[in-house]
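This briefing goes through one protein structure, topic by topic. Please keep the sequence and the 3D view open while reading.

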Amino acid sequence: MNDTFASRADGQTRPAGTVRILVWDAPVRVFHWLMVASFAGAWLTAESERWRLLHVTLGYTMLGLVGFRIVWGLIGTRYARFSEFVRAPAAVARYLTSLIKGSPEHHVGHNPAGAVAVLAMLLATIAVGVTGWATYTGTGGEWFEELHEGAANAMLALVAVHIVAVLASSLMHRENLITAMITGRKSGRADEGIRRARWAIAVLLVVAVLGGWWTQWRAAPTAPATGHTAGAGADTQAGDKDD
């Protein structure tokens, strides 16, 4: 099958006769954008007691997504597999050198530097999720809260570096990598593309996430009565005292 072949760098420029090929399968793309939305939502709700349950739910979602990505990195399509894009430090150094020289190596899937960023963000997500769980459940002491905040800030820094790197790579390679993560398509030879997007797996992933949200919110404690009800109770007690 085409999606079992190993990825390779094609030198400094793409050869003639390239076409738009499917590189990123649907599960990878759905995972990516769910992670983006979950991290953004968790970051925005981090300091709010009112939105604490949403913050926790999004944190659990990120941990679940990482678990899926690890499995898919072992059994997924060609460019989703860790064996396809994780490279030795020498390959990373060679790629960075090519960037400095202004003639970057072209990789159909993740380039070696991008692979380092992917692994770093997966590990950072685990660190954020575990320390967040310990803080929320009271399993750890106050220092777990500090660790959670530090891990979240480190992940934010990684995300910022990732965004800058994607924009820079898009300019240097003259290919919109953000659009590629939406459509799944990049430039390459016809025999380099994967055959199927695996939409069924992507749909199951979305269903699992929605099911996790429903379960989390269904099990949430009911908010105490406030507002008019509380005021009415107070008025009744006051009336009893007057009597």
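A salt bridge is a side-chain nitrogen of Lys or Arg within 4 Å of a carboxyl oxygen of Asp or Glu. The side chains of Arg94 and Glu105 form such a bridge, with 3.4 Å from N to O. Arg94 belongs to helix H4 (residues 89-100) and Glu105 to the loop between H4 and helix H5 (112-137), so this pair ties together parts that lie 11 residues apart in sequence. The model is a predicted one.

**The chain as a whole**

- The protein chain contains 9 helices and 2 strands.
- Along the sequence, these elements follow the pattern β-α-α-α-α-α-α-α-β-α-α.
- Of the 243 residues in the protein chain, 37% are buried.
- The protein chain exposes about 14100 Å², and 66% of this area is supplied by carbon and sulfur atoms.
- Among contacts between residues at least 6 apart in sequence, 80% join residues that are at least 24 apart.

**Salt bridges**

- How many salt bridges does the structure hold? There are 5 of them, and the bridge between Arg94 and Glu105 was described above.
- Is Glu49 buried or exposed? Glu49 has a relative accessibility of 59% and counts as exposed, because the class begins over 50%.
- Another salt bridge joins the side chains of Arg189 and Asp191, with a distance of 3.7 Å from N to O.
- Both of these residues are partly exposed: Arg189 has a relative accessibility of 23%, and Asp191 has a relative accessible area of 39%.
- Arg189 and Asp191 are also part of a network of salt bridges, in which they are linked with Glu192.

**Aromatic pairs**

- A pair of aromatic rings is described by two values, the distance of the centres and the angle of the planes.
- Searching the whole structure gives 4 aromatic pairs.
- In one of them, the ring centres of Phe39 and Trp43 are 6.3 Å apart and the planes stand at 35°, so the pair is tilted.
- Phe39 and Trp43 sit in helix H1 (residues 26-44), where their spacing of 4 residues corresponds to about one helical turn.
- Phe39 is buried at 12% relative accessibility, whereas Trp43 is partly exposed at 35%.
- Phe68 and Trp72 make up another aromatic pair, and this one is stacked, with 6.0 Å from centre to centre and 15° between the planes.
- Where do Phe68 and Trp72 lie? Both are in helix H2, 4 residues apart, which is about one turn of the helix.
- Phe68 and Trp72 are both buried.

**A nonpolar patch on the surface**

- Which residues form the nonpolar patch on the surface? They are Ile70, Val71, Leu74, Ile75, Leu123, Ile126 and Val130, and together they have about 640 Å² of accessible area.
- Helix H2 (52-75) and helix H5 each supply at least two residues of this patch.
- H2 gives the largest share, with 4 residues.
- Val130, one of the patch residues, lies in helix H5. Its relative accessibility is 44%, and Val130 counts as partly exposed.

**A buried serine**

- Ser169 is part of helix H6, which runs over residues 142-173.
- Ser169 has a relative accessible area of 11% and is buried.
- What does Ser169 touch, not counting residues up to four places away in sequence? Ser169 is in contact with Tyr95, Asn111, Arg174 and Leu177.

Methods:
Residues numbered from 1 in each chain as written. Predicted model: local features only at pLDDT ≥ 70, side-chain atom pairs only at ≥ 80, totals over all residues. Heavy atoms only, no water. Buried < 20%, exposed > 50% of the residue type's maximum accessible area, 1.4 Å probe, protein only. Patch = residues over 30% accessible without salt bridge, like charges linked within 9 Å, V, L, I, M, F, W, Y side chains within 5 Å. Areas by Shrake-Rupley, 256 points an atom, 1.4 Å probe, with all protein chains shown as cover. Contact = heavy atoms within 4.5 Å. Phe/Tyr/Trp six-rings, centres within 6.5 Å; stacked < 30°, edge-to-face > 60°.
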